[in-house]
Amino acid sequence: MKALVYNGPRDVSIKNVPDARIERATDVLVRITSSNICGSDLHMYEGRTAMQPGRILGHENLGEVIEVGPAVDRVKVGDRVCLPFNIGCGFCENCERGLSGFCLTCNPGTAGAAYGFAGMGPYSGGQAELLRVPYGDFNCLVLPRDAAEKENDYVMLSDVFPTGYHATELACVQPGQSVVIYGAGPVGLMAACASMIRGASQVFVVDTHKDRLKLAEKVGAIAIDGTEADGVEKIMELTGGKGADCGCECVGYQCCNMHREEVPNLTMNNLVKTVKATGKIGVVGVFIPEDPGAEDVLERRGQLAFDFGQFWLKGQRIGTGQANVKAYNRLLSRLIEHDRVQPSWIVSHELPLDQAPEAYENFDQRKNGWTKVVLKPGL
């Protein structure tokens, strides 16, 4: 089969590799029809993780079931399924509690597993023609009859839509509240959309990319062009000096200032400044335990110069971590099915798998208009 293989920093290519296949009785084999490029793929693409050469990338996947293992009971050949990026067993202590992003079975020694991701187990990614899905009955979300018609909407259930929603869940967004979101990438835009779904009265989205800020405005958010002092002052002004009721961090450790220079603590400290006293903060941007290639000494050790004194003084609370996609994807799929949301509005490019290397390069450079790329192995 064809697949996108990681060769090294900023070096990916389409190669012929052995076909994915059923390996255990509980597996499902899926023919991939859509696989998104995610912002967190770029961490690996840039060589900022321990991703090993030869691995297949891609954790935002959707496709058609073409084979099931003998122990699979619910999922059938021909089903169109969306796959949470995190792989869960369904029966460990964390999965039973709905914390499938921190499964204790699928990646022994670590809480959490994922497709094609550094440090998240040996599983191949789905930027390929075929994908093996472990524990298929648990991990496959079988989609409604309109799955083919709304494929670019449903594929967002693999990661960015639930992750954006998870940010608002961690921040405890309530009807009538104001929310400040740092990052207008796909996850930040989905957090803005989720905030609207939850009834927020004001949604501020902070970024420096004007094309992405325009997308935020399309869902009724207030675009703030400025990640530093001016942006902070604007939010404080618009909230009467008290700050937003809650906030979401949707960028991660590679956040940048107005000069496109990395400042890993910038968004976290800005959230402390722009969220009110006793407000809640949800952090879904990726922060990693170590980044050996980083210029910042603390960042190399996965640490931040965090304004803990102000955080403590304001009595704020933070919730962190990757989204437990299965906790949200079924309910969010109903919003898509009944035309309450259309997350495909963030898609800027729909390309064949063969064009994935060029797509990674353009997306990595944050070129104007490159917001969300959906790869189509069948094109």
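A: A surface patch here is made of residues with over 30% relative accessible area and no salt bridge, and nonpolar side chains are joined within 5 Å. In this predicted model, Phe308, Trp312 and Leu313 make a nonpolar patch of about 410 Å². Leucine 313 belongs to helix α11, which covers residues 308-313. Leucine 313 has a relative accessible area of 61%, so it counts as exposed, the cut-off being over 50%.

Now the cysteines. Zero disulfides turn up in a search of the whole structure. Cysteine 95 is in no disulfide, and the nearest cysteine sulfur, that of cysteine 92, is 3.7 Å away; a disulfide would need the two sulfur atoms within 2.5 Å. Cysteine 95 is buried, with a relative accessible area of 7%. Cysteine 248 is likewise in no disulfide, its nearest cysteine sulfur being that of cysteine 250, 5.3 Å away. The relative accessible area of cysteine 248 is 0%, so this residue is buried, the limit being under 20%.

Cysteine 82 is placed by its strand pairing. Strand β4 (residues 60-68) and strand β5 (residues 80-83) run antiparallel and are joined by four bridges. Within this pair, cysteine 82 in β5 stands opposite leucine 62. Strand β5 also runs antiparallel to strand β7 (residues 141-142), with two bridges between them. On that side, leucine 141 in β7 is the bridge partner of cysteine 82.

Definitions and conventions. Residues are numbered from 1 along each chain as its sequence is written. This is a predicted model: local features need pLDDT of at least 70, side-chain atom pairs count only at pLDDT 80 or more; totals for chains, interfaces and linings use all residues. Side-chain values use heavy atoms; hydrogens and water are left out. Patches are made of residues with over 30% relative accessible area and no salt bridge: like charges are joined within 9 Å, nonpolar side chains (Val, Leu, Ile, Met, Phe, Trp, Tyr) within 5 Å. Accessible areas come from the Shrake-Rupley method with a 1.4 Å probe; for residues, only the protein chains shown count as cover. A salt bridge is a side-chain nitrogen of Lys or Arg within 4 Å of a carboxyl oxygen of Asp or Glu. Buried means under 20% relative accessible area, exposed over 50%, partly exposed in between (1.4 Å probe, protein chains only). Two strands pair if DSSP finds at least two bridges between them.
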